[in-house]
Amino acid sequence: MSSREKILSLIKQNQPEYKELTVQFKFDTVYENNFEKFAEILSFVGGKAIAVNSYEEIKADIQAHYKDVTKIASTVDALADLADFSLNVSDPHELETLNLAIIEGEFGVAENGAIWVSEKQLPHRVLPMITQYLVIIIKNSEIVTNMHRAYERVKVDETGFGTFISGPSKTADIEQSLVIGAHGARGLTVYVIQ
């Protein structure tokens, strides 16, 4: 028996008795309006939330704000005609020139402006991180109050991969020089369908 195996065996023999955790910690958060709180926090972290009533409104807004942008990809069927960049690639490195990605999120979180995105929405895991600008679409009815409620909904065992995205990528050094887009998208717009 190696030293490692001996140590692990001793640890296994000396574990405390299993006890059921009787107290369940859940924090209830109440906001007057989940969308308004979501939009406020998302704005604070550098993103933008826009309330819309239809995909036609989303399309018109994207065309107005990204009129000179090319290399656009969309995983949203209703906005497929905006795309001029195919996501049908075998090597994700081929996405490095992507300027705008339009995807759907499963739900948003009011307390931190985060959106849960899983492999169900992504043909490539790197998509929301490699694009220059990111658009995510969620439904207003799918905004939960806090992360406790969010984790009740996350089912990674069903999707394999998922991530919370809140705001554009940013980092700062000790001199407080802020860099936007350091590790991902330089801009995030979330369209919230009412």
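User: Where does Gln132 sit?
Analyst: Gln132 is in the loop between α4 (127-130) and β6 (133-139). Helices (H or I, at least four residues) and strands (E, at least two) are DSSP runs, numbered from the N terminus. This is a predicted model, in which residues are numbered from 1 along each chain as its sequence is written, and side-chain values use heavy atoms, with hydrogens and water left out. Local features need pLDDT of at least 70 and side-chain atom pairs count only at pLDDT 80 or more, while totals for chains, interfaces and linings use all residues.

User: Is Gln132 buried, exposed or partly exposed?
Analyst: Gln132 has a relative accessible area of 27%, so it counts as partly exposed. Buried means under 20% relative accessible area, exposed over 50%, and partly exposed in between (1.4 Å probe, protein chains only).

User: What is Gln132 in contact with?
Analyst: Leaving aside neighbours within four places in sequence, Gln132 is in contact with Leu98, Asn99, Ala185, Arg186 and Gly187. Contact means heavy atoms within 4.5 Å.

User: What does UniProt list for residues 93-193?
Analyst: The UniProt record, an unreviewed entry, lists residues 93-193 as "domain: LUD". Its positions are given in the numbering used here, feature names are shortened, and annotations may be inferred rather than shown by experiment. In the model, residues 93-193 are 15% helix and 39% strand, and the end C-alpha atoms are 32 Å apart.

User: Switching to α2. Which residues of that helix are buried?
Analyst: Helix α2 covers residues 34-44, and Phe35, Phe38, Ala39, Ile41 and Leu42 are buried in it. Those buried residues pack against β1 (48-52), β4 (107-109), β5 (114-118), β6, β7 (143-144) and β11 (187-193).

User: And what follows α2?
Analyst: Gly46 follows α2, and its phi is positive, near 105 degrees.

User: How many residues are in the largest nonpolar core?
Analyst: The largest nonpolar core has 29 residues, and Phe38, Ile115, Leu134, Ile136, Ile138, Leu188 and Val190 touch the most other members. A nonpolar core is a set of buried Ala, Val, Leu, Ile, Met, Phe, Trp, Tyr and Cys residues joined through side-chain atoms within 4.5 Å. At least two residues of this core come from each of α2, β3 (100-104), β5, β6 and β11. Of these, α2 gives the most, with four residues. There is also a second, separate core of 15 residues, which includes Ile58, Ile62, Tyr191 and Ile193.

User: Why is β11 described as largely enclosed?
Analyst: Seven of the seven residues of β11 are buried, so the rest of the structure largely encloses this strand. Gly187, Thr189, Tyr191 and Ile193 point one way from β11, while Leu188, Val190 and Val192 point the other way. In a regular strand the side chains alternate between the two faces of the sheet.

User: Which way does β11 pair with β6, parallel or antiparallel?
Analyst: β6 and β11 pair in the parallel sense over seven bridges, and Leu134 has Leu188 in β11 as its bridge partner. Two strands pair if DSSP finds at least two bridges between them. β1 also pairs with β11 in the parallel sense, over five bridges, with Ala49 opposite Val190.

User: What about the open sheet, what is its strand order?
Analyst: The open sheet has four strands in the order β7-β4-β5-β8, with mixed pairing. β7 and β8 stand at the edges with a single partner strand each, so one side of each has no neighbour in the sheet. β4 and β7 pair in the parallel sense over two bridges, and Val109 has Val144 in β7 as its bridge partner.

User: Last topic. How many aromatic pairs are there?
Analyst: The structure holds four aromatic pairs. Rings of Phe, Tyr and Trp (its six-membered ring) pair if their centres lie within 6.5 Å; planes under 30 degrees apart count as stacked, over 60 as edge-to-face and the rest as tilted. Phe107 and Phe164 form an edge-to-face pair, 6.2 Å centre to centre with 75 degrees between the planes. Phe107 lies in β4 and Phe164 in β8 (residues 162-165), so the pair ties together parts that are 57 residues apart in sequence.
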